Amino acid sequence: MQAVIRVEGLRKAYGSRVAVDGISFEVYEGEIFGMVGPNGAGKTTTIECIEGLRRPDGGTVRVLGLDPQQEGLRLRQRIGIQLQEGGLPDRLRVEEAVTLFASFYPRPMDPQALLERLGLAGLRRVPFGQLSGGQKQRLFIALALVGNPELVFLDELTTGLDPHARRAMWDMVREIRAEGRTVFLTTHYMEEAERLCDRVAIMDRGRIVALDTPERLIHALGAEHRVIFHTNAPFDPTPLRDLPGVSQVEQIGERVVIYGKGDRLAAQVVEALVARGIAPRDLRVEQPTLEDVFLALTGRPMEEANPRENQGGNR
Amino acid sequence: MTVVKMGLRLVMTEVKLYLREPVAAFFTFAFAPMMLILFGSIFGNQPSPFLGGRGMVDVSVPAYLGMIIATVGLISVPIGIATRREARILRRFRAAPLPPAVYLIAQLVMYYAVTLLGGIALVLAGRLLFGMRFDGNPLAVLAGFTVATLAFLGLGVAVGSMAPTARTAQAVGMILAFPMMALGGAWMPLETLPESVRRISAWLPLTHVVVLMRGLWAGSSPGRHIGDITFLIVTGILGGLLAARFFRWE
C-alpha cells in the first residue's frame with residue numbers, strides 16, 4: 001500500500017504546553033484514517049501540521065510527497081480541508097462561496113453538480129449567516145471537495161450535529177472514499193471512528209497510544225462480551241456459570257447478564273436455555289467498543305477525558 | 001495569469017459583499033451626497049471671498065472626498081479585517097491554495113474600488129445638482145485621491161490588525177475617524193476653524209487629504225502640495241509597517 005501521509009517524530013508545543021509529543025504514523029492511499037481522542041489530545045494540531053497551516057517544532061511531515069511547510073500552495077491544490085473552526089462572510093451566498101473557491105483550484109469539480117450532491121441546490125442564494133449548523137457543515141464539505149482533491153481532511157466533522165445529520169455525514173464520507181479519495185478525519189466520538197474508519201489512531205495527551213483497525217484494537221483488548229436477556233418465568237441461572245468461557249452471571253429481577261469470552265458465547269447460552277425449556281426475551285450481545293479500548297489504554301473513560309462536549313477547546 | 005483571475009474573482013465577490021452591508025454602503029455612497037444636498041440647499045453655491053472666490057459646494061466636494069476616504073479607511077477596513085479574523089474567515093481562505101498576498105491585495109483593491117465609486121457618486125451629485133466648479137487636472141486629482149486612499153487603507157489595516165476583536169476595531173476606528181473629520185476640515189471648511197485648532201489639525205492625516213484635494217480641485221499643481229503628499233505617504237508606510245507587524249490570520 002502506498003503511503004500518502006508520512007509523519008515522523010512530529011512535535012508541537014504552545015509555550016510550555018506540549019500539544020503533540022513526537023508522534024509517527026502513515027496514512028495509506030484510499031483508506032479512511034481516523035484520529036480519535038478527547039478534546040485537547042492534540043488531534044487538531046496534528047491535522048493542521050499535516051495541512052501546512054501550522055509549523056511543527058520538530059519531526060518530518062510528507063504529504064503526497066510534498067513538504068507542507070515548503071510547498072504548501074502546491075500541496076493545497078491537491079488536498080481538501082474542512083476546518084474544525086472556519087467561517088465565511090455572513091452575506092456570502094452558498095453558490096457564490098462554492099464558485100469562488102472553485103476558482104482557486106487548477107482542476108475544480110463542477111460547482112452546480114457539487115451543490116446538488118450535497119443537498120445544497122435549494123440553498124444556492126441563501127447567505128452563509130442564515131444557514132443552520134448542519135447546512136454550514138455541508139457547505140464546508142463542498143469547499144473541501146470543490147478542488148477535486150486526492151486527500152480530504154475532515155476535522156471534527158460531526159461535532160454539534162444531531163444523530164440524523166451525523167449518520168448522513170458518515171454516508172457522505174464513505175462516498176468520498178468510494179470515489180478513490182483518501183480521508184483523514186479526527187473525532188472525539190469513539191462510535192464514529194469505530195463505524196467509519198478503516199484504521200484508527202487513538203490519541204491521548206499528545207501521543208498515539210494505539211493504531212490499528214477498530215476490530216483488531218477491540219480484539220487485542222481481550223475484553224469480555226456480555227449476553228443480556230430477560231425471562232418471563234423465574235429460573236436459577238447458576239448452572240450457566242459452568243459453560244465454557246463464562247466468568248460471571250448476574251440476575252437482577254427478570255434481567256440476566258452473562259459475562260464471558262469466546263466467539264460461541266451467545267450460542268452456548270441460547271442452547272443451554274433452550275435445553276432447559278426457557279425462552280429468553282430481548283436477547284442481545286454487547287461487545288466491547290473503542291470506548292473500552294480507550295479506557296483500558298488510558299485508565300479513564302472518554303467522557304471524563306472530554307470535559308466540554310461539543311466545544312473545540314483544543315487547537 | 002491564474003493568480004490574476006483568482007484575484008479578480010475575489011475582488012468582484014468582495015465588492016458585492018460590501019454593497020450588501022447597508023451601513024457601510026450608506027456611509028460610502030449616500031452620506032456625502034446627502035450632506036452636500038443639505039448644505040448646498042441651505043448655503044447655495046455663490047462665490048465667497050472667504051472661500052477664495054469659490055462657493056460652498058465647490059469647496060465641500062473635495063473636502064467630502066476626504067470624509068469618504070476616512071470613513072472607508074478608518075471604519076470599514078478595521079471592522080472588515082477584524083471580523084474576518086474573528087469569524088475565522090481568514091483561516092478558511094488560508095486553507096485554500098490561494099497565495100496570502102493575493103488575498104490581501106484583493107481586499108485592498110476592493111476597498112479602493114468602493115472608495116472611488118463613493119467619490120464618483122459625490123462628484124456627480126455636485127456637478128449635476130449644483131453645477132460645481134472644477135478647475136483641476138483630472139489625472140492629478142485621481143493620483144492625489146489614490147495616494148490619500150492608500151494611506152488611509154494602510155491605517156485601517158493597522159487598526160484592524162492590532163485590535164483584539166471586531167468590536168474594539170470598530171470603536172478605535174470611530175474614535176480616530178470622527179475627531180479627524182471634525183478637525184481636519186472634512187465637514188466644515190478649515191477656514192472656519194480657529195487658529196489654535198488648526199495647529200492641531202496640521203498633525204492629522206485627514207487635514208492633508210482635504211488640503212491636497214481642495215488644492216488639486218482648484219487647479220494648483222501637485223508640486224505645491226509636496227508637503228501634504230509626503231505626510232500621506234509617510235502615514236501610509238507607517239500604517240503598512242504596523243499592519244505587517246501585527247497582522248494575524250487567526
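Mentor: Asp282(A) counts as exposed, with a relative accessibility of 51%; buried means under 20% relative accessible area, exposed over 50% and partly exposed in between, with a 1.4 Å probe and protein chains only. The model is predicted, so local features need pLDDT of at least 70 and side-chain atom pairs count only at pLDDT 80 or more, whereas totals for chains, interfaces and linings use all residues. Side-chain values use heavy atoms, with hydrogens and water left out, residues are numbered from 1 along each chain as its sequence is written, and chains are lettered from A and ligands numbered from 1 in the order in which they are written.

Asp282(A) lies in strand β13 of chain A, residues 281–286. Helices (H or I, at least four residues) and strands (E, at least two) are DSSP runs, numbered from the N terminus. Although Asp282(A) is not a glycine, its phi is positive, at about 55 degrees. Most residues other than glycine have a negative phi. Arg205(A), which is likewise not glycine, also has a positive phi, near 50 degrees. Arg205(A) sits in the loop between β8 (199–204) and β9 (207–212) of chain A, and its relative accessibility of 59% makes it exposed.

The domain assignment of chain A gives domain 1 as 3–218 and domain 2 as 224–287; such bounds come from an automatic or database assignment. The C-alpha centres of these two domains lie 43 Å apart. Chain A as a whole contains 11 helices and 13 strands, and its C-alpha trace spans about 70 × 45 × 35 Å along the principal axes. Of its 315 residues, 51% count as buried. Contact means heavy atoms within 4.5 Å; of the contacts in chain A between residues at least 6 apart in sequence, 68% join residues at least 24 apart.

For a buried element, consider helix α3 of chain A, residues 94–102: 7 of its 9 residues are buried, so the helix is largely enclosed by the rest of the structure. Those buried residues are Val94(A), Glu96(A), Ala97(A), Val98(A), Leu100(A), Phe101(A) and Ala102(A). Their cover comes from both chains, and includes α4 (111–117) and α5 (133–145) of chain A together with α1 (2–20) and α4 (89–94) of chain B.

The packing of α3(A) with α1(B) can be described in detail. The two helices pack at an angle of about 160 degrees, with their axes 10 Å apart; axes are lines fitted to C-alpha atoms, for helices over the stretch in contact, and angles run from 0 to 180 degrees between N-to-C directions. α3(A) and α1(B) are therefore roughly antiparallel to each other, where angles under 35 degrees count as roughly parallel, over 145 as roughly antiparallel, 65 to 115 as roughly perpendicular and the rest as oblique. The crossing of α3(A) past α1(B) is left-handed, that is, the near helix is turned anticlockwise from the far one by less than a right angle; clockwise would be right-handed. Glu96(A), Thr99(A) and Leu100(A) of α3(A) meet Arg9(B), Leu10(B), Thr13(B), Lys16(B) and Arg20(B) of α1(B). These contact residues divide into 2 nonpolar, 2 polar and 4 charged, with Ala, Val, Leu, Ile, Met, Phe, Trp, Tyr, Cys and Pro counted as nonpolar, Asp, Glu, Lys and Arg as charged, and the others, Gly among them, as polar.

α1(B) also packs on helix α5 of chain B (residues 100–130), at about 45 degrees and with the axes 8 Å apart. That angle makes α1(B) oblique to α5(B), and their crossing is right-handed. On the α1(B) side the contact is made by Val3(B), Gly7(B), Leu10(B), Val11(B), Glu14(B), Val15(B) and Tyr18(B), and on the α5(B) side by Val102(B), Tyr103(B), Ala106(B), Gln107(B), Val109(B), Met110(B), Tyr111(B) and Val114(B). The residues of this contact comprise 12 nonpolar, 2 polar and 1 charged.
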